[in-house]
Amino acid sequence: MKKLRRTAAAAVLALCAFGQPVFAQAPQVAAAGNSTLDAELFYQLLLGELNVRANEPTAGFALILDAARKTNDSSLYQRAVELALQARSGDAALQAARAWKQAVPQSREANRFVLQILVALNRLPESVEPLKTEISMAEAADRAGIIAAAGRIYARASDKKQAASVVEQALADHLGRPDTGPAAWSTIGRLRLNAGDAPGALEAARRGQAINPGAEGPALLALDMMDPKQPQAEALVRKYLEGKPLPELRMGYARALLDANRSAEALQQLQVVTRERPEFPEAWLATGTLLVQDNQLAPAEAALKKYLELAGGQQDAEDRGRGTAQAYLSLAQIAEKRRDFAQAGAWLDRIENSQDLVQAQNRRASILARQGRLDEARKLIRALPERNPADIRMKTLAEVQLLRDNKQLKAAYDLLAQASAKDPADADLMYDQAMVAEKLGDFAQMEKLLRQIVAKKADYHHAYNALGFSLAERNQRLPEARQLIQKALEYAPGDPFITDSLGWVEFRMGNKAEALRILQGAYKERPDAEIAAHIGEVLWSVGQRDQALSIWREGLLLNAENDTLQETIKRFKVKP
């Protein structure tokens, strides 16, 4: 050990020779307990740290690990593990962690390091016992949380299927327990889902919920799996909601319904939250935003103002900033629809966040256009910054929408054509271009663009639906129109607007009873002015004129400016 002391002393002298106080800027020295830190150990630790600083981590690691073994000190073992990890030596880190666990068997930290390193090295079968130990060493009340955290650790494993199998093996003793069973099955389910085994994940969610229907883990897993092709997942979510659910989970369900274009059901869920938890601000914001989309302006305004009343003291600054900006934008939209442009501008003036100001600028442009100042409105949008391609695209779409809203269809088409030429892979831009071509009466160009889209992206259901509906609207190639719409429904089953298209083509083919059944189902799913126009026309054609007038009146309440509804009423020369 004399040589070690001389070397350490030389290192100390070398530091001093440069005028640096040894302890002012010297490398970190891993601290052992005072009872074991004699001069010899101190120099060994100092030399280990100096080796690390001198880019010799292997030598430094060996010295620190040797010191840890001499003292059984957990802080030294942890330092050795950290040095090995910094040097990207997984095997060395595992060696140190295992030595630590053997020396201090009661150390949860040591066991946790062993577990995480084994998973990182993809030595998953060896991790079964450390995972069992991690759970058994926890307090009973904490075990469900530890089991849930294990899922996040194993999610990083490269062999996803083996990870799910290993965790299930480790959790075998917990799968039937009422306190840990739901968490265990939820963790297994998420790992199965991560491995691409959706049926297995769904079965895990089902088994977890069977143990405790009120457990959140299985319901959250089922919510993440909600898909038209997995109706059993939604059934599990709904079963959980029958109890006393977290409002956040019901909100998540509402978002999933919106993603599936089931707006009416989403609104019902949000209204349950506002009724049962009126102090929950996010539900009021979502309700108000959805009601604005459905043109229910008075209840939308009330909901948004309720959100603003609640939001001040219940959210962190970042969430509050985003939410209030959304509320102000929606309130401005309500004022604009009422043609109260001064009030709309006043709401927009309250927005401070720079990102939200972009949306506010778009809303200001819309207000200018409605006042007959379209050129100023376009300049306002074009003045927005262009920090990246997404900004450029957003500005293009905003200007296109402005032009479409103000019947400047040729200018909108030209703008979209330029954007599509620059990015021919953007199916959404090409679709918008096709829709404007239809409005211009250029049906050949519309069909050409839509067929180009499905040739590039076979599951783009909007294109099938648009082409099929256009053919039905013009009473052309009706069998093909039906096939196209049915194809769209294969990719988006239950979509109320595509269902409306199917009902319309059935009407055009003379199948009036079937058409009415389909259209009424679509309207029940999503009350919409255009669907109301179609139902009314079918009812009128079968002699049910009072019912036709009634549904048209409903449609006008939903959206009095809908072009299809207005054209239908004008064509039949009625005043609902």
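A: Residues are numbered from 1 along each chain as its sequence is written, and side-chain values use heavy atoms, with hydrogens and water left out.

The helix is α29, residues 496–508. Helices here are DSSP runs (H or I, at least four residues), numbered from the N terminus. The expected span of a helix is 1.5 Å times one less than its number of residues. For the 13 residues of α29 that gives 18 Å, and the end C-alpha atoms are 18 Å apart, which agrees.

At the start of α29, a side-chain oxygen of D495 comes to within 2.9 Å of the backbone nitrogen of F497. Such a pair is a polar contact (N or O atoms within 3.5 Å; within protein, one must be able to donate a hydrogen and the other to accept it, and residues adjacent in sequence count only if both atoms are side-chain atoms). Just after α29, G510 has a positive phi of about 95°.

Buried means under 20% relative accessible area, exposed over 50%, and partly exposed in between (1.4 Å probe, protein chains only). Because 11 of its 13 residues are buried, α29 is largely enclosed by the rest of the structure. The buried residues include P496, D500, W504 and F507. Among the elements that cover them are α27 (461–473), α28 (478–491), α30 (512–525) and α31 (529–541).

A wider view takes in the nonpolar cores. A nonpolar core is a set of buried Ala, Val, Leu, Ile, Met, Phe, Trp, Tyr and Cys residues joined through side-chain atoms within 4.5 Å. The largest has 72 residues, of which L450, I453, I535 and W552 touch the most other members. Beyond four places in sequence, W552 is in contact (heavy atoms within 4.5 Å) with residues including A532, W540, L565 and F572. A second, separate core of 53 residues includes A222, L241, M251 and L267.

Last comes confidence. pLDDT is the predictor's confidence in each residue, from 0 to 100. The chain averages 86, and 91% of the residues score at least 70. Over residues 1–35, pLDDT stays under 50. Where pLDDT is low, the predicted coordinates should not be read in detail.

Key. This is a predicted model: local features need pLDDT of at least 70, side-chain atom pairs count only at pLDDT 80 or more; totals for chains, interfaces and linings use all residues. Helices (H or I, at least four residues) and strands (E, at least two) are DSSP runs, numbered from the N terminus.
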